[in-house]
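Work through the exercises below with the sequence and the model at hand. Try each task before reading its solution.

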Amino acid sequence: MNEPHTSEAKPLDFIRQIVARDRESGKHPAPITRFPPEPNGFLHIGHAKSICLNFGIAGEFQGRCHLRFDDTNPTKEEEAYVTSIKEDVRWLGFDWGEHLYFASDYFEQLYQFAEQLIEQGNAYVCDLSAEQIRQLRGTLTEPGTNSPYRDRPVSENLDLFRRMRAGEFDDGSRVLRAKIDMGSPVVLMRDPVLYRILRAHHHRTGDRWCIYPMYDFTHCLSDMLESITHSLCTLEFQDNRALYDWVLDTLHTPIHPRQYEFARLNLSYTVMSKRKLRLLIENGLVDGWDDPRMLTISGLRRRGYTPRAIRGFCEEIGVGKKQSWIDMGVLENAVRNDLNEHAPRAMAVLKPLTVIIDNYPDDQVEMVTAANHPKRPELGNRELPFSREILIEQDDFMEDPPAKFFRLGPGREVRLRYGYNITCTGYEKDPETGEISVVHCTYDPASKGGTPEGRKVKGVIHWLSAAHARPCAVVLYDRLFMEEDPESDKETEFTEHLNPDSRRLLQGCYMEPALADLPIGKPVQFERQGYFCKDQRQEDPLAPLFNRTVTLRDSWAKLSQK
RNA sequence: UGGGGCGUAGCCAAGUGGCUAAGGCACCGGGUUUUGAUCCCGGCAUCCGUAGGUUCGAAUCCUACCGCCCCAGCCA
């Protein structure tokens, strides 16, 4: 990670400007940030933005970034999510070193701070029910009403709170509240709940506690205990900052981290909230958190996205305070950019059509040399078998092609990538189905190294020697939703906008032999088609399954639409 | 009718009183090309939510208005 520079570099976003200013003023020579996920689901692309921001700043400014699990609600959190989150952050390329923390490790200290608040007269035990508290809270335009328990003496509050901890009261029967201002225009400041009684098994503290601290009380103190300098969160927490500061100010903590808010990531053609992602899973609309159509980190990984592509995407979209909608195309473009540079090329035929080269010797097989990457010779070459009968893509032949179609058709000549030029001499149809079954061609022996001088052949198509091709299967993924904003219409459930063609399984595909040894997850470009990788699930050992990460840009598809 | 934020091209996003308003994506032209890919070149806001005002000079300062987002969980 590099130092952010002053001249001619990318301009700093507003948070990095603050960090830079704090460093220059000597206030914080090295920033300490944190990524604070709640372990209640898998990480998604929106989290990646936050991860890249927090860890990115730490790297660029020689600070550090903590990974802290915000695990204060045992009813929703699980160890399995802790595991997956750690894996995903690491996979994205970030390292928290020794700095792995859990808010639950602070429970005892947090409890002591709560007692301090009580002793100072800044918190009280309230016996109102959740419903009563809600009623007395007021509305956005009307102030709230003081709880009848608001003026309990300190000694009684302390006694009650200790008994809450000791388990003497039922769940929900009492809470600890901050004594702030029921008339505050900021609803959050109307004596917010700090602790609730909850008998739930916690994934780390087990049954040691039956009271659990709330987010607003926990987060600021956790930041303080870890000496966080810049506490970065999303826009919807802007109001919470008042409470964040109130807790630290009232407790007179020696350290007071500052909270800054940035806009969360919204992407078109998808949903981002964990709640909705979970709904898709629970209703069987996708296969799980790592379904390649999901924009979870694990889904993207399985789909073939690389950490570099995701980081590049996060860098490209920037960080600001304006609620923004990034087009899905920007994400897709980010993988294309990365994979174009790094993925080796190979050939595969997804919908095969047999071509017989009539003037090629029946029993002959020769090897042709193909580059693994057109711009990176250091990635080497491979040898491909060529023979009389080959397989091409059905889409690369038309009986009656328009002039702009640069591929095969009666009488037309094309170049076989890395092979020969062939000219179509005829074709056969299946008498039953009427589908084209075989295309006949002749090849030009003089065209092996390239199209001979003076002749211009515009079209280049991919192919496979029929006798040498190996079977494979491919899953073509497309956007999960058909609507740009699946959540826009309040009347319709977002799941009704699911794209029925978001996943298409293609069987009976063929690939070049060397692909049999390609490791799972390693990206490869199928020339002229897109980027693919072997799926982690391989049920048929004789026909590996590939996931399509993203298509290549296709200006012909665009043209032919017109 | 409360509070907190935000408004620069189709989408992001620089700009923090003074040359013709960065850059990216998308889009449109053209060139190169054994991937209709990549790459390269060119085009793309007389204008910065609107209306006034301050100033020699404003997207940048002031005023008013308009629009959008968030907040009434014992979720985070």
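**Exercise 1.** Over which residues does pLDDT stay under 50, and how many contacts beyond four places in sequence does the model have for them?

*Solution.* The structure is a predicted model, and pLDDT is the predictor's confidence in each residue, from 0 to 100. The stretch to find is residues 1-7, where pLDDT stays under 50. For residues 1-7 the model has 10 contacts beyond four places in sequence. Now turn to chain A as a whole: its mean pLDDT is 95, and 98% of its residues reach 70 or more. For the complex, the predictor gives an ipTM of 0.95 and a pTM of 0.95.

**Exercise 2.** Describe the secondary structure and the overall dimensions of chain A.

*Solution.* Begin with the secondary structure: chain A has 13 helices and 25 strands. Next, take the box filled by the C-alpha atoms along the principal axes, which is roughly 100 × 55 × 40 Å. Then compare the radius of gyration with that of a compact globule. For 562 residues such a globule would have a value near 24 Å, but chain A has 31 Å.

**Exercise 3.** Classify the packing of helix α4 against helix α6, and list the residues that make the contact.

*Solution.* Locate the helices: α4 covers residues 107-119 and α6 covers residues 154-166. Their axes lie 9 Å apart, at an angle of about 160°. Angles over 145 degrees count as roughly antiparallel, so α4 is roughly antiparallel to α6. The crossing of the two helices is right-handed. On the α4 side, the contact is made by Glu108, Tyr111, Ala114, Glu115, Ile118 and Glu119. On the α6 side, Val154, Asn157, Leu158, Phe161, Arg162 and Arg165 take part. Sorted by type, the residues of this contact are 6 nonpolar, 1 polar and 5 charged.

How values were computed:
Residues are numbered from 1 along each chain as its sequence is written. Chains are lettered from A and ligands numbered from 1 in the order in which they are written. This is a predicted model: local features need pLDDT of at least 70, side-chain atom pairs count only at pLDDT 80 or more; totals for chains, interfaces and linings use all residues. Side-chain values use heavy atoms; hydrogens and water are left out. Axes are lines fitted to C-alpha atoms, for helices over the stretch in contact, and angles run from 0 to 180 degrees between N-to-C directions. Helices (H or I, at least four residues) and strands (E, at least two) are DSSP runs, numbered from the N terminus. Angles under 35 degrees count as roughly parallel, over 145 as roughly antiparallel, 65 to 115 as roughly perpendicular and the rest as oblique. A crossing is left-handed if the near helix is turned anticlockwise from the far one by less than a right angle, and right-handed if clockwise. Contact means heavy atoms within 4.5 Å. Ala, Val, Leu, Ile, Met, Phe, Trp, Tyr, Cys and Pro count as nonpolar, Asp, Glu, Lys and Arg as charged, and the others, Gly among them, as polar. The radius of gyration is taken over C-alpha atoms; the globule rule is 2.2 Å times the number of residues to the power 0.38.
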